[in-house]
Amino acid sequence: MKKFPKKRIMITGAGSGLGRAMALEFASMGWRVCVSDINKERADETLALVEKKGGSGFVSVCDVRQPESIEALAAEIENAWGGVDVVVNNAGVAAAGFMEKIPLETWDWILDINLKSLIYGCRTFIPMMDKQGGGHIVNVASNAGIASLPEMACYNVTKAAVISLSETLRTELKPKNIGVSVVAPTFFKTNLMDQFTSSDERQRKMASAFFDKSRVTAGDVARHVVRSVKRDRLYVITQADGKFTWLAKRLAPETYFNVLGWGYKKGLMNKFLGI
């Protein structure tokens with residue numbers, strides 16, 4: 001990436017899953033990686049893999065729910081590197097349930113991690129990028145923010161908000177030479193189920209079944225992220241089903257939801273997933 005000769009990237013939630021996969025992709029191109037995660041042991045494992053791939057960097061333990069923790073992370077990066085070229089707001093969790101059964105505590109938990117942490121990350125690193133003359137922000141959302149599948153209200157809401165935030169920043173940051181990409185994958189092989197919570201066992205079975213059926217890996221999505229940053233693309237939608245959903249909602253939104261509602265009422269999702 002010739003526009004980022006200093007090759008500096010920070011990734012939250014980089015201790016596992018997509019965060020680790022992105023760290024390794026950038027490391028293979030010789031980038032310096034700030035591996036940020038709340039779990040130091042997993043972050044240390046990622047850094048060791050980064051170094052094996054030809055990259056370098058350091059670990060920074062960060063609780064993305066706390067704005068002061070992200071501010072400390074930014075200060076550490078500025079002291080170590082003098083700035084950062086790419087910021088990836090990746091940390092996230094998953095939850096599901098029927099709307100009226102989702103506990104308010106779950107809403108607070110998922111909003112803090114999936115949405116507020118990205119708000120904190122963007123508002124903290126934008127001034128640094130503006131000062132240095134540019135950069136690129138990658139916000140990890142989900143196709144859930146587009147598809148709005150049933151029994152996933154709290155997760156859908158956070159990811160739709162991340163997409164909206166990214167679209168807003170795409171224009172707002174153009175004069176500052178700061179690019180913005182939003183990653184919206186469907187289900188892929190990851191460890192998102194590790195902290196998954198739901199109001200009914202049914203939702204856990206549904207989510208597990210979706211993940212089991214996927215043939216796409218975190219590495220596949222990570223490689224698409226790299227290409228999108230290179231090309232300064234806004235939307236990073238890797239899988240064919242995600243692209244279909246994105247187009248269907250924009251070309252025929254009423255039809256999309258009518259068909260989705262009909263299929264849900266007929267139990268077609270259950271049959272497809274085998275639950």
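Visitor: Is aspartate 232 buried, partly exposed or exposed, and what is its relative accessible area?

Guide: Buried means under 20% relative accessible area, exposed means over 50%, and partly exposed lies in between, with a 1.4 Å probe and protein chains only. Aspartate 232 has a relative accessible area of 23%, so aspartate 232 is partly exposed. This is a predicted model, in which local features need pLDDT of at least 70, side-chain atom pairs count only at pLDDT 80 or more, and totals for chains, interfaces and linings use all residues. Residues are numbered from 1 along each chain as its sequence is written, and side-chain values use heavy atoms, with hydrogens and water left out.

Visitor: Where is aspartate 232 found?

Guide: Helices (H or I, at least four residues) and strands (E, at least two) are DSSP runs, numbered from the N terminus. Aspartate 232 sits in the loop between α8 and β9 (235–236). Its phi is near 55°, which is a positive value in a residue other than glycine.

Visitor: What is the phi of serine 148, and where is that residue?

Guide: The phi of serine 148 is near 55°, a positive value in a residue other than glycine. Serine 148 belongs to the loop between α5 and α6 (153–172). With 29% relative accessibility, serine 148 counts as partly exposed.

Visitor: How many residues does helix α9 have, and what is its reach?

Guide: The expected span of a helix is 1.5 Å times one less than its number of residues. Helix α9 (residues 240–251) has 12 residues, and from its first C-alpha to its last it reaches 16 Å, close to the 16 Å expected.

Visitor: Which residues of α9 are buried?

Guide: Gly242, Thr245 and Ala248 are buried in α9. They cover an arc of only 130° around the axis, so they are on the same side of α9. The arc is that of the directions from the helix axis to the C-beta atoms. On the face of α9 turned away from its buried side are the exposed residues Ala240, Phe244 and Leu251.

Visitor: What covers the buried residues of α9?

Guide: Contact means heavy atoms within 4.5 Å. The cover over the buried residues of α9 includes α5 (144–147) and α10 (253–265).

Visitor: At what angle do α9 and α10 pack?

Guide: Two packed helices are described by the angle between their axes and the distance between the axes. Axes are lines fitted to C-alpha atoms, for helices over the stretch in contact, and angles run from 0 to 180 degrees between N-to-C directions. α9 and α10 pack at about 120°, and their axes are 5 Å apart. That makes α9 oblique to α10. Angles under 35 degrees count as roughly parallel, over 145 as roughly antiparallel, 65 to 115 as roughly perpendicular and the rest as oblique. On the α9 side, Thr245, Ala248, Lys249, Arg250 and Leu251 meet Pro253, Tyr256 and Phe257 of α10.

Visitor: How many residues has the largest nonpolar core?

Guide: A nonpolar core is a set of buried Ala, Val, Leu, Ile, Met, Phe, Trp, Tyr and Cys residues joined through side-chain atoms within 4.5 Å. The largest one has 32 residues, and those with the most contacts inside it are Ile9, Ile11, Met22, Val86, Val88 and Val225. Elements that give two or more residues to this core include β1 (8–11), α1 (17–27) and β2 (32–37). α1 provides the largest share of this core, seven residues. Apart from this core lies another, of 24 residues, among them Trp81, Val87, Ala91 and Val180.

Visitor: Why is α1 described as largely enclosed by the rest of the structure?

Guide: The description is used because 10 of the 11 residues of α1 are buried. The buried residues of α1 include Leu18, Gly19, Arg20 and Met22. Among the elements that cover them are β1, β2, α2, β4, β6 and α8.

Visitor: What does asparagine 90 touch?

Guide: Leaving aside neighbours within four places in sequence, asparagine 90 is in contact with Ile11, Thr12, Gly13, Leu18, Gly19, Met22 and Val140. Asparagine 90 lies in the loop between β4 and β5, and at 10% relative accessibility asparagine 90 counts as buried.
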